[in-house]
Amino acid sequence: MASLLLKDIKKVYKNGFKAVKNVNLEIKDKEFLVLVGPSGCGKSTILRMIAGLENISKGKLFIDDVLVNDMEPKDRNIAMVFQNYALYPHMTVFDNMSFGLKIRKMDKKKIKERVYWAAEILGIKDLLSRKPSKLSGGQRQRVALGRAIVRDPKVFLMDEPLSNLDAKLRVQTRAEIIKLHQKLNTTFIYVTHDQTEAMTMGSRIVVIKDGDIKQVDTPQNIYNNPADKFVASFIGSPQMNFLECEVIDKKEKTAIKLGESIIYLDECYGNKLKKEDYLGKQVTLGVRPEDITFNKEKSMNKIVGKVDFIEYLGSENYIYMSTEIGNLVMKSNIKDRVFIGEEKDIYFNVEKIHFFDKETEKKI
Ligand code: ATP
């Protein structure tokens with residue numbers, strides 16, 4: 001059980017590189033929080049500072065209201081699971097899992113009980129006498145999780161724990177970690193660069209770029225209401241389409257001009273753009289692939305595109321199109337019959353579109 005508070009946390013490495021700029025974050029007890037962002041954005045550095053493996057250059061870190069900046073890692077009651085598992089190759093699974101308890105001088109009987117309890121939860125009881133070299137990647141990862149669980153820590157930190165597994169095993173282990181969180185009912189902080197993992201695992205997601213937090217919210221809110229163009233492009237696959245357009249007043253309705261096409265906006269967004277003084281200005285339109293369709297909804301909001309190529313995924317298709325204002329990708333029903341080179345009318349779901357300021361890239 002633990003809540004954490006990161007207050008104005010900064011990390012400047014010895015070479016002067018500012019890896020974490022000014023992070024403020026409250027992590028609730030028993031929460032599954034995911035830190036996500038592109039490679040090098042500072043996620044692991046934040047995690048390592050929480051674990052105590054990296055010193056904090058500035059700011060305060062509290063665990064359960066206790067300032068822990070200067071507390072030794074072993075005294076923080078935190079367990080960390082790494083990408084490379086970090087198992088001792090010469091030890092059996094049992095010895096790997098019990099090692100941390102032995103050095104804490106726990107009673108032998110209790111150690112055995114704990115290791116068997118964790119092995120049961122993870123389904124690795126029959127592997128306890130094996131050495132890591134005789135295990136698959138997925139099994140090794142479970143042992144690494146087991147080694148963390150036996151300590152009964154207040155907080156679990158996981159740094160890309162699935163990235164060495166193949167795609168199928170990754171999905172399976174993802175579900176196992178979610179179940180593990182429910183079973184253990186403790187605070188999990190999980191680092192990944194994979195937006196699908198973030199979306200499917202986190203109760204809240206923290207999107208990070210260049211050492212700064214861009215948005216903290218539930219997966220649904222981040223997906224439906226991204227704070228800026230970076231978050232909008234990073235979360236979602238295929239990524240959101242961005243098109244440059246001009247906000248205009250047409251027949252007393254707010255509309256956007258996309259090349260030669262005019263798209264009328266719903267009243268709510270139209271009024272917002274008007275009120276915030278965007279009339280006559282260029283903005284960036286964002287539209288997710290599933291919010292573009294071939295089905296005519298309103299005769300006035302179409303643009304014309306040419307099909308460049310199609311990705312067949314079985315349950316749906318991704319259709320890549322070129323239009324006079326740029327390329328875009330849409331998700332389409334497998335029943336839609338389209339052919340490469342064909343010209344099609346494309347319609348946007350105007351209730352689901354987003355606009356971003358061209359300079360600040362913030363959502364309007
Ligand atoms: P990845 O997903 O690739 O692991 P990350 O988001 O976890 O990336 P960090 O490992 O936190 O990123 O690194 C953040 C930045 O700090 C990177 O640009 C990295 O090169 C830099 N960095 C990390 N460790 C050091 C160090 N010891 N000295 C100097 N710079 C470092």
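For accessibility, buried means under 20% relative accessible area, exposed over 50%, and partly exposed in between, using a 1.4 Å probe and protein chains only. This is a predicted model, where local features need pLDDT of at least 70, side-chain atom pairs count only at pLDDT 80 or more, and totals for chains, interfaces and linings use all residues. Residues are numbered from 1 along each chain as its sequence is written, and side-chain values use heavy atoms, with hydrogens and water left out.

On to the salt bridges (a side-chain nitrogen of Lys or Arg within 4 Å of a carboxyl oxygen of Asp or Glu). The count comes to 13, including these:

| Pair | N to O distance |
|---|---|
| Lys-74 and Asp-75 | 3.5 Å |
| Lys-281 and Asp-277 | 4.0 Å |
| Asp-345 and Lys-302 | 3.4 Å |

Lys-281 is partly exposed at 39% relative accessibility, while Asp-277 counts as exposed at 51%. Elsewhere, Lys-11, Arg-48 and Glu-54 join up in a salt-bridge network.

Now for the asparagine. Asn-241 sits in strand E11 (residues 241–250) and counts as buried because its relative accessibility is 5%. Its contacts (heavy atoms within 4.5 Å), not counting residues up to four places away in sequence, include Leu-285, Pro-289 and Val-329. The Asn-241 side chain also reaches the backbone nitrogen of Val-329 at 2.8 Å.

Technical notes
Helix = DSSP H or I, 4+ residues; strand = E, 2+ residues; numbered from the N terminus. Polar contact = N/O pair within 3.5 Å; in protein donor to acceptor, adjacent residues only side chain to side chain.
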